[in-house]
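Please read this briefing beside the sequence and the model. The points are grouped by topic, from the whole chain down to single residues.

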Amino acid sequence: MKYETVSDIPRQRNISKMERLRLRLWKDRHLLLLLLPGLLYFIVYKYAPMFGIVLAFKDFNPFVGFLESDWVGLKHFRTIFADDEVLRVIWNTLALSFLQILFVFPVPIVIALMLNEVRNQAYKRLIQSIVYLPHFLSWVVVISIVFIFLKSNGLVNSLIHELLGVGPFSFLSDPGFFRPLVILEVIWKESGWSTIILLAAVAGVSPELYEAAIMDGASRWRRIWHVTLPAIRNVIIILLILRIGNVMDSGFEQIFLMLNSFNMEIGNVLDTFVYFKGIQQADFSFSTAVGLFKGVVGLILVVLANTIAKRFGEESLY
């Protein structure tokens, strides 16, 4: 007998679970087809490459192949903590990531709060479009713009010389300017896009809370501090947990384009280090070990931050 829907299946013991599952899958086949492209993406680009993790425990030799290479256990992981260059790169990565948490993470919150206070809807949409726009530019374009503005005879140095009579400054080659430039670039490019989630959270705040605050005589600043911020606190904490999980990931493209022989010592991070070791020097096993180490540390930080959030009674990822 053929059943059209799951509800048509008689609830009898002789109807197997596999039959019920098959009919449920057939009923939801259109939704599953919509899921298929995303599922294939994660399988091909996220899960399938995980088989390559075994390289971190081998001395990979391309002439003998993936499976026949010598097994060396934790040799490459011991090298991570014994190599001064790797320790310096880890420090550069952590320093840059925590600077981004300190200076970049609060900016979308401030932008969302400011946009929420704009009452002219046309002007609000215009500002939203302007702050969102840089996100759609590639890092190649962004770094090219930075180079044009900050080179020795660029606009910024010309203005400084005209107004203050000093300069030119070596913005692009002086190691002292590297981290501030990276932070400012991330703020300009990504802060507007990150406000989307926060604006959605702010839009979900009950208007009755604002009305009650107004009745109590709360000023606009008081309403922001005592109503808006507490209402979106859970969203902020979840975003912070996700950001903490990426402290070992400073972004490859931006850093790689900013690096030169002058700022390499302070600017080389784990992502670029893995590229230099794995691609340019063909040290696939060691670069795989560094990448695996980075992923494990990120996982531990996410779990730790999530546990702390739950301990204090806040919203968590799981």
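Helices (H or I, at least four residues) and strands (E, at least two) are taken as DSSP runs and numbered from the N terminus. On that basis, residues 130-150 are 71% helix and 0% strand, with end C-alpha atoms 23 Å apart. The model is a predicted one, in which local features need pLDDT of at least 70 and side-chain atom pairs count only at pLDDT 80 or more, while totals for chains, interfaces and linings use all residues. Residues are numbered from 1 along each chain as its sequence is written, and side-chain values use heavy atoms, with hydrogens and water left out.

**Overall form**

- The protein contains 16 helices and two strands.
- Its radius of gyration, taken over C-alpha atoms, is 26 Å, whereas a compact globule of 318 residues would have a value near 20 Å; the globule rule is 2.2 Å times the number of residues to the power 0.38.
- Taken along the principal axes, the box filled by the C-alpha atoms is roughly 90 × 75 × 35 Å.
- Of the contacts (heavy atoms within 4.5 Å) between residues at least 6 apart in sequence, 62% join residues at least 24 apart.

**Surface and charge**

- Buried residues, meaning those under 20% relative accessible area, with exposed over 50% and partly exposed in between (1.4 Å probe, protein chains only), make up 34% of the 318 residues.
- The protein exposes about 20,300 Å², of which carbon and sulfur atoms supply 67%; the areas come from the Shrake-Rupley method with a 1.4 Å probe, and for residues only the protein chains shown count as cover.
- There are 29 positive and 25 negative side chains, and the centres of the two sets lie 10 Å apart. Lys and Arg count as positive and Asp and Glu as negative, without His or the chain ends, and each charge is placed at NZ of Lys, CZ of Arg, CG of Asp or CD of Glu.

**Annotated spans**

- An unreviewed UniProt entry lists "domain: ABC transmembrane type-1" at residues 90-305; UniProt positions follow the numbering used here, feature names are shortened, and annotations may be inferred rather than shown by experiment.
- Over residues 90-305 the chain is 75% helix and 0% strand, and the end C-alpha atoms are 20 Å apart.
- The unreviewed entry also places the feature "transmembrane region" at several spans, including 130-150 and 284-309. Residues 284-309 are 100% helix and 0% strand, with end C-alpha atoms 37 Å apart.

**Selected residues**

- Phenylalanine 77, in helix 3 (residues 75-82), counts as buried because its relative accessibility is 16%. Beyond its neighbours within four places in sequence, phenylalanine 77 is in contact with Ala56, Phe57, Ala289, Leu292 and Phe293.
- Glutamine 128, in helix 6 (residues 121-132), is buried, with a relative accessible area of 17%. Not counting residues up to four places away in sequence, glutamine 128 touches Leu115 and Leu199.
- Glutamine 254, in helix 13 (residues 252-258), counts as buried at 4% relative accessibility. Among its contacts beyond neighbours within four places in sequence are Trp139, Ile143 and Val186; glutamine 254 and valine 186 are 68 residues apart in sequence and 9.0 Å apart in space, C-alpha to C-alpha.
- Alanine 282 is found in the loop between helix 15 (270-280) and helix 16 (284-311) and counts as partly exposed at 45% relative accessibility. Phi of alanine 282 is near 55°, a positive value in a residue other than glycine. Most residues other than glycine have a negative phi.
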